[in-house]
Amino acid sequence: MGSELRYEIGQNAYIKLVLHALKHRTSAVNGVLLGRLSGCGAVVEITESVPLFHSQIGLLPPLEIALLQIEEYYSDEGLSIVGYFHANERFDDFDLGGVAKNIGDHIYRYFPQVALLMLDNKKLEALHKGKDRSPVMQLYTRDSFKNWKQVGSDGSNRLVIKEPSANVLLLDYISSKKWQDMVDFDDHLDDINKDWLNPELFK
Amino acid sequence: MVSNREEAEVNRLENQVDNGGGGAWEYLCHVRKLKLRRSDKVLKHGLSILNDPKKRSSIGPEEWTLYEQVAIAAMDCQCLDIAKDCIKVLQKQFPGSKRVGRLEAMLLEAKGSWAEAEKAYSSLLDDNPFDQVIQKRMVAMAKAQGNLSGAIEWLNKYLETFMADHDAWRELAEIYVSLQMYKQAAFCYEELILSQSTNPLYHLAYADVLYTLGGLENVQTAKKYYASVIDLTGGKNTRALFGVCLCTSAIGQLVKGRSKEENDNSELQSLAAMALEKSYKQRAPSKLSLLNSTLRSLKLSS
């Protein structure tokens with residue numbers, strides 16, 4: 001049953017996460033994924049994402065506050081936290097670090113089909129070269145031995161973007177430096193005027 | 001570290017220059033003074049001065065400082081040819097200079113030629129073992145190659161000599177946090193607080209680390225440090241206000257079933273909650289109801 005589970009990420013959620021990573025390319029960043037289980041339990045729909053932090057990611061207090069607010073806001077829309085996104089500090093670092101695993105473990109307690117997404121820098125760099133429609137991310141899920149395993153590295157499309165032209169739009173945003181408008185939870189805590197919902201981002 | 005006012009001033013200048021309003025040199029000086037990392041802008045605006053003979057001569061002898069600044073920015077943006085050109089100019093002007101030698105070694109580092117860069121830096125260090133910039137490059141190289149334990153070792157060695165270097169303590173603390181070595185991170189922040197006891201950001205980071213470490217004693221201490229941040233910042237620091245609420249809630253959980261001695265501490269939490277409410281009402285009214293439910297869930301769990 002677990003091996004058939006597919007993950008589908010919506011365009012806006014996907015693009016937000018990559019833009020966030022590009023805005024803070026000299027540090028690690030993370031974000032939270034929201035969505036629901038659907039298709040009779042066959043698909044996890046990731047419909048929204050919230051970029052969280054770009055500094056001192058291993059600290060609890062800002063994370064706890066963020067998760068409280070995010071859970072509260074999205075439960076009104078019938079969405080819950082279904083995953084976590086992490087982009088490592090270094091370009092060639094493909095290790096899933098302790099912090100990401102801990103946060104993933106925490107989400108697992110409430111949503112066992114949790115998706116851990118890690119930015120794939122090599123794929124991101126190669127994006128403008130080809131017509132790749134697959135997301136520039138690696139997917140990890142928890143197996144029955146409580147380990148995080150990468151899923152889909154054999155080419156099976158376990159993680160797909162809902163809209164096929166998402167990467168084209170992403171490339172467009174990258175060239176227009178759209179990431180400059182991105183607000184994450186760190187920015188909000190530094191200046192509560194800034195809205196982590198980014199309501200105007202895709203208008 | 002940069003104050004809000006200083007950052008606002010730099011951003012204003014940046015905006016001005018970006019939109020063709022001039023002031024590039026002033027902007028570049030600010031960035032250099034505050035040691036900010038804005039390499040793409042520095043590269044763009046620095047080159048606009050260097051490539052224009054009239055502008056170049058108007059800054060006189062500072063021209064060479066600008067070449068150095070642009071070279072480093074170019075390396076950060078992986079525009080290695082531009083960096084090489086800047087270094088060539090400096091080599092011509094200052095033949096045999098150690099400072100230029102440093103840039104040459106940095107270029108090797110930027111190319112990813114780690115072994116050659118290390119050789120170059122080591123030989124420069126042989127001549128001047130107290131060159132702080134080069135010692136930090138060794139740390140940076142270790143970090144860039146993913147050798148975090150090596151970076152930690154270098155930094156600790158560096159700090160034995162240069163124990164007043166706050167940036168180094170902060171870098172070390174951040175590396176420890178990324179590796180979830182919170183006790184060691186706490187030690188770094190303790191050193192920083194000892195040397196700069198009125199800097200609220202160190203108190204804040206220390207409190208965050210203590211809370212993350214957990215346990216009744218740590219969370220109680222964290223609460224005291226959040227309170228001192230509130231004191232030092234006139235109640236304006238959102239993170240510290242939230243911190244107080246989190247601590248009170250966590251302490252309540254940890255002492256459940258024990259005596260009621262923690263009751264008087266809930267006054268601090270109410271004050272913090274009120275301050276947060278006032279702040280959100282004024283500046284983020286759309287998030288006010290979210291804030292209220294967050295505060296409610298923190299009070300309930302205690």
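Is Arg239(B) buried or exposed? With a relative accessible area of 16%, Arg239(B) is buried, where buried denotes under 20% relative accessible area, exposed over 50%, and partly exposed in between (1.4 Å probe, protein chains only).

## Basis of the model

The model is predicted, and local features need pLDDT of at least 70, side-chain atom pairs count only at pLDDT 80 or more, and totals for chains, interfaces and linings use all residues. Residues are numbered from 1 along each chain as its sequence is written, chains are lettered from A and ligands numbered from 1 in the order in which they are written, and side-chain values use heavy atoms, with hydrogens and water left out.

## Interface between chains A and B

In chain B, 32 residues are in contact with 29 residues of chain A; contact means heavy atoms within 4.5 Å. The size of an interface is often given as the accessible area lost when the parts come together. Here, the area buried between chain B and chain A is about 2,700 Å², and carbon and sulfur atoms give 56% of that area. Buried area is the accessible area (1.4 Å probe) that two parts lose on being put together, summed over both.

Between chain B and chain A there are 12 residue pairs in polar contact, both at pLDDT 80 or more. A polar contact is a pair of N or O atoms within 3.5 Å; within protein, one must be able to donate a hydrogen and the other to accept it, and residues adjacent in sequence count only if both atoms are side-chain atoms. On the side of chain B that touches chain A, the elements giving two or more residues are helix 9 (132–144), helix 11 (166–178), helix 12 (182–195), helix 13 (200–213), helix 15 (238–254), helix 16 (266–283) and helix 17 (288–300) of chain B. Helices (H or I, at least four residues) and strands (E, at least two) are DSSP runs, numbered from the N terminus. By class, this side of chain B comprises 14 nonpolar, 10 polar and 8 charged residues. In this classification, Ala, Val, Leu, Ile, Met, Phe, Trp, Tyr, Cys and Pro count as nonpolar, Asp, Glu, Lys and Arg as charged, and the others, Gly among them, as polar.

## Salt bridges

A salt bridge is a side-chain nitrogen of Lys or Arg within 4 Å of a carboxyl oxygen of Asp or Glu. The count over all chains is 25 salt bridges, and between chain B and chain A it is 5. Arg239(B) forms a salt bridge with Asp186(A) (2.9 Å, N to O). Arg239(B) also pairs with Asp190(A), the closest N and O atoms being 3.0 Å apart. The latter pair crosses between chains, from helix 6 (residues 185–190) of chain A to helix 15 of chain B. Asp190(A) is exposed, with a relative accessible area of 55%, whereas Arg239(B) is buried.

Within chain B, the side chains of Lys143(B) and Glu171(B) meet in a salt bridge at 2.7 Å, N to O. Lys143(B) lies in helix 9 and Glu171(B) in helix 11 of chain B, so the pair ties together parts that are 28 residues apart in sequence. Lys143(B) is buried at a relative accessible area of 18%, while Glu171(B) is partly exposed at 27%. Glu89(A) is linked with Lys143(B) and Glu171(B) in a network of salt bridges.

## Nonpolar cores

A nonpolar core is a set of buried Ala, Val, Leu, Ile, Met, Phe, Trp, Tyr and Cys residues joined through side-chain atoms within 4.5 Å. The largest such core has 124 residues, of which Ile9(A), Tyr14(A), Val18(A), Ile70(A), Phe85(A) and Tyr226(B) touch the most other members. Helix 15 of chain B gives the most to this core, with 9 residues. Not counting residues up to four places away in sequence, Val18(A) touches Leu119(A), Leu124(A), Val136(A), Met137(A) and Leu170(A). A second, separate core of 39 residues includes Leu66(B), Ala71(B), Leu107(B) and Tyr121(B).

Glu8(A), in strand 1 (residues 6–9) of chain A, is buried, with a relative accessible area of 19%. Leaving aside neighbours within four places in sequence, Glu8(A) is in contact with Val43(A), Val44(A), Glu45(A), Ile46(A), Val160(A) and Lys162(A).

His45(B) belongs to helix 3 (residues 39–50) of chain B and is buried at 6% relative accessibility. Residues up to four places away in sequence excluded, His45(B) touches Val17(B), Asp18(B), Ala24(B), Tyr27(B) and Leu28(B).
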